[in-house]
Amino acid sequence: MSHHHAHQASTEHKLTVSRTIEAPVREIFNVLTLPANHPKFDGSGFVRSALNTERIQKVGDVFSMNMEGEHMGGEYTMENHVTAFADNKLVGWQPAAPKEEPKGWEWVYELTSVDADTTEVTLTYDWSKVTDKELLKKVSFPLVKEESLEHSLQLLSEVATAS
């Protein structure tokens, strides 16, 4: 049974990490929904700065980030298409190259209020919707590893509790 479970995990095409953060759900949601904050809790090391600074408000919003990474040969821009949004509960997006449709990988933050001052945050990096054969040949998913996701939540915790 355990062998079967291990196999499940490896073919799941997503990584999920959770952390309990000593901050109210609203504060964490406010951090997550402001693109200007994103470089502060980026565990991947790719995110540099936000190009547009309006708060994320709904599914369908698009926010652009300045990025940098060896895998892209230096500096580049990504347009993040908001694919999940629920006030104080959920925010997620699929990155895309400018003027292109997302290729299917997604970042989702889920917030669960433990009590007034404590929130459980779950971060999921999901590439199960990626179908582009060329992309799959070029990029070995997960491009961002589990430790980086853990690091993102640690940084998010520091940002949220600093205010």
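**A loop residue and a helix pair**

Mentor: Asp-132 lies in the loop between strand E7 (118-126) and helix H3 (133-138); helices (H or I, at least four residues) and strands (E, at least two) are DSSP runs numbered from the N terminus. This is a predicted model, in which local features need pLDDT of at least 70, side-chain atom pairs count only at pLDDT 80 or more, and totals for chains, interfaces and linings use all residues. Residues are numbered from 1 along each chain as its sequence is written, and side-chain values use heavy atoms, with hydrogens and water left out.

Trainee: Does Asp-132 count as buried, partly exposed or exposed?

Mentor: Buried means under 20% relative accessible area, exposed over 50%, and partly exposed in between (1.4 Å probe, protein chains only). Asp-132 has 26% relative accessibility, so its class is partly exposed.

Trainee: How are H2 and H4 oriented to each other?

Mentor: The axes of H2 (residues 25-32) and H4 (residues 146-162) come within 10 Å and cross at roughly 115 degrees. Axes are lines fitted to C-alpha atoms, for helices over the stretch in contact, with angles from 0 to 180 degrees between N-to-C directions. Angles under 35 degrees count as roughly parallel, over 145 as roughly antiparallel, 65 to 115 as roughly perpendicular and the rest as oblique. The two helices, H2 and H4, are therefore roughly perpendicular.

Trainee: Which residues of H4 meet H2?

Mentor: Contact means heavy atoms within 4.5 Å. From H2, Glu-27, Ile-28, Val-31 and Leu-32 take part, and they meet, in H4, Leu-156, Val-159 and Ala-160.
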